[in-house]
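Colleague: Can you walk me through this one? I have the viewer open.

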Amino acid sequence: MSTQSVSLNFPDWFPSNCPPSTADDALGIVYRFATKSPVAAEDFLSHKELGLAPKAPPCRRCSLSVYRTVGSARRKLRELRDRSPARFGPYIAEGSLSAEHGKIKQEGADPDHHEWWAYQGVQRHTLFRIVETLES
Amino acid sequence: MWEPEGNRIGQDKLGSLEPREVLYEFEGEPLTFVADDPGGEALLLHSLVTFDRTSRYLVSAIDSRILGDLKAGRIDVLSALRQPRCWIADVAEDATIKTVWRIEFALVPEKVLPRPGAMINPDLDPLFRLRLIGSGVGPGRTSAGDVRMAAQAAESGLRGLARLALDEKKKVGAVPGNIRYYSDLPFLFSRAASFEIAFGRPRDRLPGIDEEVFAEMGRLLERGLKAVRANNDGFEPIEGLDTDRTIQLFEVIRALTPPTRGDVERVEIGGEMVGERSGSRVLTRDDRVRSVQRIKASRKAPRKEAPFRVSGVIEEADQGNFCFTLRQLDPSDVPVVGHVTEILFGFEERLYDTVMEAFNSLERMVVVGERVDSQYQALDIKLAVGTAGEESGSVGFGSK
């Protein structure tokens, strides 16, 4: 994990009231999908940064999906790769988040699924390492 | 990036491609959705890849019947997309359409398409599927015997896994349903191409519990396969399983593997139970030989006693756990068993109908059984026709 200079402010391109006030400090171990091993910065960019999902809710476009358990991440990644195999890579990365990395909020039907809004300046990919590879 | 093969057409020919109904989404982004073409006809869009701030979709013209079948889980996403009128559409960051190609579905690379069996509702994805692979299997070649073999292999393998998984649950006090509930799963679909058969979840769900049991079944299968493929010829109990349960697991592997002769050379197993981590597994004839070797090696140690015969009435039967209780015994001093008033027998699937008929009729039956360690297994069950004394006693080997 690298030493980072973070501002505890969100990027100015976040919509107003984003993240929502109900989001908590980002604490604990989380898992995220990745297309490359070792982890690459591009796998830790939001839809907004990637210029994708223009119709998605604006605040959600600024967040990254993470999972609280590797099992949940594995299940969802398998599901996504069964549907769009070229869009989703085979890797699951594990990271340890703390309050200086941003805010987090549970989202959707899966209680393990969370949205993570990272503070400006957080080198997100440096917080993670690949822990699992799904076979195709 | 893969370049679509087809003629470019005007960006506005398909309309705005604005989602009218989202069928599957992730992170708020519709990945599979319905849009209307300029004439108001339905288009099914499915996200294939993203690149350079662009999303590429496969667009298929569908009718209400296809959409209904897709939403009801009667067809998978791939089948719904495989239509005579297809396009590829690239959509830019601002949701404008950059390029549209009129394409033939067959020219879309398989690696970007949804996998067979992936349903629009993930809850309807196959829990377990089994595919026969071999030179003699395929459209117009698969025999009725192969189809029966596939169904039996799946049912038998799942039954063994369910029995083991439920044993684990019972150890910690949880008794979530019965073996039949977790093994006699509802048929989802079959395919002619290298014959495949798929099964879904039980219809009456036990939320949470089902997932635990099926996950345990998947883990057991993985452990069994790993042990069968381990580099030794003898028998060693799998860590955490005793000898009997290790043998049961090897029996599961054997049931799922292809016969050593015939048209079926390999068997691919997949579905959520198998593929959460690995996707699918291909079982070979070598796996069968190895599992049989392990089972034989385990049986060198004597663990059974001579079969015995006793007559009685099946007063209780548990169709889920494949066991019954025989009472009104004659003689009451049963060979091998001793002086008892009832015997709890386990039985195999082949005796299921007989057991249920006997239970329903309460007719006196003759059971040939054997003691395996501390349990009793029914080997054969027949209607008692003579006097009780003639129906009971020890059974010589080969007398069945």
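Colleague: Start with the open sheet in chain B. What is the strand order?

Modeller: Seven strands of chain B make up an open sheet, ordered β1-β7-β6-β5-β4-β3-β2, and the pairing is antiparallel. Strands here are DSSP runs of E with at least two residues, helices are runs of H or I with at least four, and both are numbered from the N terminus. Two strands pair if DSSP finds at least two bridges between them.

Colleague: Which strands stand at the edges?

Modeller: β1 (6-9) and β2 of chain B; each has a single partner strand, so one side of each has no neighbour in the sheet. From one strand to the next the twist averages 25°.

Colleague: Before I go on, what am I looking at, and how is it numbered?

Modeller: It is a predicted model, in which local features need pLDDT of at least 70 and side-chain atom pairs count only at pLDDT 80 or more, while totals for chains, interfaces and linings use all residues. Residues are numbered from 1 along each chain as its sequence is written, and chains are lettered from A and ligands numbered from 1 in the order in which they are written.

Colleague: Back to the sheet. How many bridges join β4(B) to β5?

Modeller: Eight, with β4(B) and β5 (residues 54-61) of chain B running antiparallel. Phe51(B) has Thr54(B) in β5(B) as its bridge partner.

Colleague: And what does β11 of chain B pair with?

Modeller: β11 (residues 266-270) pairs with β8 (residues 128-133) of chain B over five bridges, in the antiparallel sense. The bridge partner of Ile133(B) there is Arg266(B). β11(B) also pairs with β12 (residues 280-284) of chain B, again antiparallel and over five bridges, and Gly270(B) stands opposite Ser280(B).

Colleague: Helices next. How do α5 and α6 of chain B pack?

Modeller: α5 (residues 209-228) and α6(B) pack at about 85°, with axes 9 Å apart. Axes are lines fitted to C-alpha atoms, for helices over the stretch in contact, and angles run from 0 to 180 degrees between N-to-C directions. The two helices are therefore roughly perpendicular, a term for angles of 65 to 115 degrees.

Colleague: Which residues meet there?

Modeller: From α5(B), Leu220(B), Leu221(B), Gly224(B), Leu225(B) and Val228(B); from α6(B), Leu249(B), Phe250(B), Val252(B) and Ile253(B). They divide into eight nonpolar, one polar and no charged. Ala, Val, Leu, Ile, Met, Phe, Trp, Tyr, Cys and Pro count as nonpolar, Asp, Glu, Lys and Arg as charged, and the others, Gly among them, as polar.

Colleague: Which residues of α6(B) are buried?

Modeller: Among them are Phe250(B), Val252(B), Ile253(B) and Arg254(B). Buried means 20 or more other C-beta atoms within 10 Å of a residue's own, exposed 12 or fewer, and partly exposed in between, with C-beta atoms placed from the backbone.

Colleague: How many residues are in contact between the chains?

Modeller: 29 residues of chain B are in contact with 25 of chain A, where contact means C-beta atoms, placed from the backbone, within 7 Å. β2 (21-26), β3 (29-36), β4 (42-51) and α7 (272-278) of chain B each supply at least two residues of that side.

Colleague: And chain A itself?

Modeller: Chain A has three helices and seven strands, and 43% of its 136 residues are buried.

Colleague: Thr133(A), buried or partly exposed?

Modeller: Partly exposed, because Thr133(A) has 13 C-beta neighbours inside 10 Å. Thr133(A) lies in β7 (residues 128-133) of chain A. Leaving aside neighbours within four places in sequence, Thr133(A) is in contact with Pro90(A) and Tyr91(A).

Notes. Contact = placed C-beta atoms within 7 Å. Parallel < 35°, antiparallel > 145°, perpendicular 65-115°, else oblique.
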